[in-house]
Amino acid sequence: MALKSDRLSKEATPVNKSIEPAAPESSRLDPSDLGHVVETTLAEATRRGASGAEAAAALSQGLSVNVRMGELETVEHTRDRSLIITVYFEQRTGSASTSDYSPASVKDTVQAACRIAEYTEADPCNGLADPDRLAMDFPNLDLFHPWNPSVDDARDMALECEQTAIDHDRRIENSEGASVSSHEGHEVYATTGGFWGEIRKTRHGLSCSVIGRDDIGMQRDYWFSSSRQAAQLDKPDVVGLEAARRTVRRLDARKIDTCQVPVIFEAPVASSLISHFVGAISGGALYRKASFLLDQVGQRVFPDFVQIYEQPLLKCAMGSAAYDSEGVTTSADNVVTNGVLQRYLLGSYSARRLGLETTGNAGGIHNLTAESGDQDLANLIGGLEKGLLVTELIGFGVNMVTGDYSRGAAGFWIENGQIQYPVEEVTVAGNLKEIFSGLCAIGKDVDTRRNIRCGSILIDGLTVAGD
C-alpha cells in the first residue's frame with residue numbers, strides 16, 4: 001500500500017527533530033502470523049507429495065519523505081508482505097509466490113509451485129542445502145532498531161538538509177531534492193529439512209542532491225548517509241553540506257586528452273571494482289563459464305598485499321547475517337589472501353554444479369571487506385605526478401566473460417600531487433584482470449555504508465579516453 005502526496009502545506013506545528021530510535025509499537029508490524037504461514041505452507045507441500053520444500057514469509061514497512069526546493073514533494077508509506085515457496089519432487093523443482101496469507105491463497109500458491117515442478121527438467125543439483133551445513137547458532141547481530149518519525153519530523157530533516165546545501169554557495173541554484181527514509185522488516189525462513197530462522201532488520205537513510213551553475217555550465221552531485229540505527233545517521237546539515245561541497249568542486253570541469261595514467265577510484269565508487277570481482281567468482285557465472293576468473297582458485301589475482309574477506313557477524317552492519325538464503329551458516333573467512341584467490345562464492349546449487357561445497361553465499365556476500373592500507377585519500381593523491389581521481393562512474397561497459405572494462409567517468413585531474421581542476425566526459429578503460437593485478441594501494445578512508453567495505457583504490461596505468 002502506498003500513499004503519496006504531491007504537495008502538502010509547509011505550515012506545521014514545530015516538531016522535535018531528534019532521531020533517537022522510538023520504542024517499537026505493537027501495531028506497526030505484526031509478525032505473529034509469519035511462523036504459522038510458513039508451517040502451513042510446508043505442511044501443504046508435504047501433503048502434495050513434495051520430497052522437500054522451503055518457504056520464506058516476510059513483512060516490511062517503511063516511510064519515505066522527499067522534498068525539493070523547500071517544498072514537500074512526496075510522502076510514501078509502504079507496508080508489504082510476501083510468501084515464497086519452493087518445492088522439490090526429487091530432482092524437479094518449482095517456485096511460486098503470493099502476498100495473500102489466507103489459507104486458500106497459501107494452498108493455491110503451493111499448488112502452483114507443484115504444477116510448475118511437473119514441467120521442469122530433472123536436475124541432480126536441485127535440492128535443499130545439506131543438513132550438516134545449516135546454521136545452529138543465531139547470535140544477536142544488533143540489526144533491528146525501529147524508528148518511527150512523523151511525516152513532519154522527516155520533512156523538517158529533509159528541508160534542513162537541502163537548505164544547508166543551497167545556502168553553502170550562491171552558485172547552487174537548483175536541487176534534485178533531499179529525502180529521509182525508514183524501513184523495517186521481519187522474515188521467517190524454514191525448510192522441511194528442519195531449518196527454522198527468523199531475521200528482523202532495519203535500514204534508515206538521508207540523502208541530498210543539488211545542482212550548481214557557473215559560466216561554463218551546470219554540474220550536480222549528491223551525498224547520503226545510511227545506517228541500521230537512526231541515531232547513527234549523519235546530521236542533516238552534514239549531509240547537505242557534503243552534497244553542496246561535492247557539487248561546487250565539479251564546476252568549471254574540463255575535458256582532457258586521451259592518456260594512460262594512474263587512476264584513483266574514490267571510496268564511494270571503488271566498491272564497484274570489488275563488485276565486478278564478486279560477480280566473476282560467483283557460482284552462477286562460473287558454472288555457466290561466463291567469467292574471466294574461471295579456474296583461478298589458488299592463483300594470484302591481486303598483488304600480494306591485498307587481503308579480502310567476509311565479516312558476516314559484524315554487529316549493526318549492512319551485510320551481517322548468521323545464515324544465507326538457504327539457511328547455511330555464514331562464517332568469517334578469507335576470499336583473497338596475499339593476493340591469491342582462496343575460494344569462490346557459492347550456494348548449494350552452484351556448488352553441486354561445480355563439484356564443490358557451498359560457501360554460505362546463497363543470496364550474496366556478507367560484509368565483504370578489502371583490507372585498507374595506512375594512506376588516506378590525500379596521501380594517495382599526493383603520491384602521483386600525474387593521474388585522475390574518479391568520483392563518479394557512468395554506464396556499465398563491463399564484459400564479465402572477457403574482463404573488458406570501459407565506463408564513463410568524471411572526477412579531477414592530478415599533477416604534482418595536487419588536484420588541478422575537475423574533469424568530465426572521459427572514459428576509463430582496461431581489462432579487469434590487469435586492473436586487479438595493477439592495484440597499487442587501498443586507502444584507509446573505508447566506506448561502510450554498503451555490503452562491500454573498502455577505501456579508495458589506486459590502479460596503475462589505466463587508459464583515460466578524452467578528446
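These legends describe several close-up views of one predicted model. Local features need pLDDT of at least 70, side-chain atom pairs count only at pLDDT 80 or more, and totals for chains, interfaces and linings use all residues. Residues are numbered from 1 along each chain as its sequence is written, and side-chain values use heavy atoms, with hydrogens and water left out.

**View 1. F138 and Y323 form an aromatic pair.** A search of the whole structure finds 10 aromatic pairs. Rings of Phe, Tyr and Trp (its six-membered ring) pair if their centres lie within 6.5 Å; planes under 30 degrees apart count as stacked, over 60 as edge-to-face and the rest as tilted. The pair of F138 and Y323 is edge-to-face, with 5.8 Å centre to centre and 85° between the planes. The pair links distant parts of the chain, 185 residues apart: F138 is in the loop between α2 (103-119) and α3 (151-168), and Y323 is in the loop between β8 (308-310) and β9 (333-337). Helices (H or I, at least four residues) and strands (E, at least two) are DSSP runs, numbered from the N terminus. F138 is partly exposed, with a relative accessible area of 43%, whereas Y323 is buried at 5%. Buried means under 20% relative accessible area, exposed over 50%, and partly exposed in between (1.4 Å probe, protein chains only). F138 and Y323 also belong to one aromatic cluster with Y189 and F195.

**View 2. F277 and F436 form an edge-to-face aromatic pair.** Their ring centres are 5.9 Å apart, and the angle between the planes is 90°. F277 lies in helix α5 (residues 267-280) and F436 in helix α9 (residues 432-437), so the pair ties together parts that are 159 residues apart in sequence. Both F277 and F436 are buried.

**View 3. R449 lies over the face of W223 and over the ring of F224.** A charge sits over a ring if NZ of Lys or CZ of Arg is within 6 Å of the ring centre and within 35 degrees of the ring normal. For R449, the distance to the ring centre is 4.3 Å at W223 and 3.8 Å at F224.

**View 4. Helices α3 and α4 (residues 236-248) pack against each other.** Two packed helices are described by the angle between their axes and the distance between the axes. For α3 and α4 the angle is about 35° and the axes are 7 Å apart. Axes are lines fitted to C-alpha atoms, for helices over the stretch in contact, and angles run from 0 to 180 degrees between N-to-C directions. Contact means heavy atoms within 4.5 Å. Residues of α3 in this contact include M157, C161 and H168, and those of α4 include P236, L241 and V248.

**View 5. T391 is in strand β12 (residues 386-398).** T391 counts as buried, at 7% relative accessibility. Leaving aside its neighbours within four places in sequence, T391 is in contact with R246, R249, E266, V269, A410, G411 and F412.

**View 6. P139 and D142 lie in the loop between α2 and α3.** P139 is partly exposed, at 41% relative accessibility. Leaving aside its neighbours within four places in sequence, P139 is in contact with L313 and A322. D142 has a positive phi of about 60° although it is not a glycine. D142 is partly exposed, with a relative accessible area of 26%.
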